[in-house]
Amino acid sequence: MKKYITAALVAASTAFAANADNDWLHIYDNSEIPEVVFTSPVGNIAEINYTGTDGDTFSTIEITPVDGTVTSLPLADISRLHIGTNVPTIYITTDNGQIPWNKEDWWRGTFSMEGYGAFPDIEGDSINIRLRGNSTMSFSKKPFRVKFDKKRDLLGLKKSKNFALLANYIDNTLMRNAMAMKLGELLGTPYVNHIIPVNIVFNGEYYGSFTVTEKLGINSGSIDDIDETKGILWELGAEDEAYHYKPSSYPSLPVAVKDPDFDELAEADTTFNAEEWFEMWKKDADVMFQSIRDGAEWHAESHWDEYIDVESVVNYMLVFDICCNRELRHPKSVFVHKAAVGEKYVFGPIWDFDWCFTFDEGKSVPPQQYLFLNRYEGGQYGGTGLFYALCLNKKFQQRFNERWTEFYTTVYPQWLEYFDEYAAMIEVTAYQNGQRWTADENSKQA
C-alpha cells in the first residue's frame, strides 16, 4: 500500500473529533472510473484500524461504526478518500412510475429528502412535477420544475410552492451556474438565485446530481419585493409567453412578459383588463428601447440612462463578460424588470450559465472572442444591436472600467475562494454523476 494513501487514511481517522454535523467519509476504489465503496457520516464512526506492522505493509482498513457491523476493505483496492459534506438526496416518486416528458402536463408525485444534518429531512410531501427549460429538455438528463401544494421551506431558500431542478447536463464541471450566481451576488446584481447541489433518486433509481434553485419570477421566491399589480418582468428573446411583441426600434428582438400573469390578475380582479395592461407596458418599454436606439451611433447624445439603471447594466454585463457567456447576442434568458411605472428599468436577474466559461455551441472558444457580435455582424441575432448600443454610452463605459478594477482587486479573490469551496462540496456527487452521465455522452449531446 502506498505510503501517502495510508497516511491520508490515518489522518482521516484522527480528524473525526472535530467533525461537523454534515461531515462524511467517502472511500473510492481504484477502478478506471472510481466508485464510492464506503460512505458514512463521520459521527457514526467510532474508530479506524489497520492490519499490518507499518506503513509499507498495511493490507486492510477496518472501519468500526458506533453500532453495527465492522467494514473491512483491502487497501490495495483503494485509490483515494474524501472527507466533506454529503449533499442532500431528494427522492421523487411519480404516481404513474414514469419520468415526465414535457412541460405542458403536470404529473402528481411525492417528494422526500434526506438532509444529512445540513438541512431538515422531508417525509413524503405531495408535489406536481413537469419538465422545464427549452433546449435542455432535449438532453438525456432532463431538468424539472416541482410545485408543492402549498408554500414550504426547502434547502434554506425562501418559502415557495415552486422550485427548479437544474440538470447541468452539458456542464461536466457541474459548477458554471453556481460560479456565475456567486459572481452576481458579489457584484450586487439584483435577485440572484441560490444554487444548492443535491442528488436525485427518481422512482427508486439514482438519476444524477442536480442543483435546486428558486423559480425565477415575481412572487416565486425569486423577486418577492415587487408588487405584481404594479411591476413587470420582461424576458428578452422569448416568444413562448402569452404576451409578447417586437419593439419597432429593434424589430428582430422578441420581448415577452415573464411576470406577472395578466390573465390571472384579470381573473382575480374583474376591473383589470389584461390587454390594456399589456398595451400600457408595451408603450413603456418602447420608450426605453427607443432611448437605447437613439444612442446607437458614435458621438450620439445618449439618454438611455434616464430610463435604465446604469449600475445594473454595468454589473449585468460584467458577469456575462467575466464568465464568457455569449448568449447576449441571441439573446437567451435575458431579463429586465421594473418595480412600477415611473421607476427605472433594471437589468437582471442573471440566469442560465451552463453555456459559458469558453464553452459555446458545443465547443470551446477563446475567451477573447466577442461577447456579442457587433451591430453589422449581428444578422439574425436580436440582442447584438441592443447590447452594442448600450456599450456606446459614455457613462456606461466609465462605470464599467471602474467596476472592472473593483472586481479584480476586491471581488476576484473572494470568487476564487468560492471556487474551491464549491468544488469540495460537490466532489462526491460529481463522481457519482459522472458514473451515471459520462462526459463523452454529454459532449455528444451538446
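Is threonine 358 buried, partly exposed or exposed? Select threonine 358 and have a look: with a relative accessible area of 23%, threonine 358 is partly exposed, because buried would mean under 20% and exposed over 50%. Keep in mind that this is a predicted model. Threonine 358 sits in the loop between strand 18 and strand 19, and it has a positive phi of about 75 degrees although it is not a glycine.

Stay in that loop and click on proline 349, which also lies between strand 18 (346-347) and strand 19 (359-360). Check the bond joining glycine 348 and proline 349: this peptide bond is cis, with omega at about 5 degrees.

Next, jump to proline 260, in the loop between strand 16 (255-259) and helix 3 (262-268). Here the peptide bond from aspartate 259 to proline 260 is cis, and omega is near 0 degrees.

Now for some helices. Select residues 176-187 for helix 2 and 394-425 for helix 7: they pack at an angle of about 140 degrees, and their axes are 10 Å apart. The two helices are therefore oblique to each other, and the crossing of helix 2 and helix 7 is right-handed. The contact residues divide into 11 nonpolar, 1 polar and 2 charged.

Last stop: tyrosine 191, in the loop between helix 2 and strand 12 (196-202). Its phi is positive, near 55 degrees, in a residue other than glycine. Tyrosine 191 counts as partly exposed, at 23% relative accessibility.

Note on methods
Residues numbered from 1 in each chain as written. Predicted model: local features only at pLDDT ≥ 70, side-chain atom pairs only at ≥ 80, totals over all residues. Heavy atoms only, no water. Axes fitted to C-alpha atoms, helices over the stretch in contact; angles between N-to-C directions. Helix = DSSP H or I, 4+ residues; strand = E, 2+ residues; numbered from the N terminus. Parallel < 35°, antiparallel > 145°, perpendicular 65-115°, else oblique. Left-handed = near helix turned anticlockwise from the far one by under 90°. Nonpolar A, V, L, I, M, F, W, Y, C, P; charged D, E, K, R; others polar. Buried < 20%, exposed > 50% of the residue type's maximum accessible area, 1.4 Å probe, protein only.
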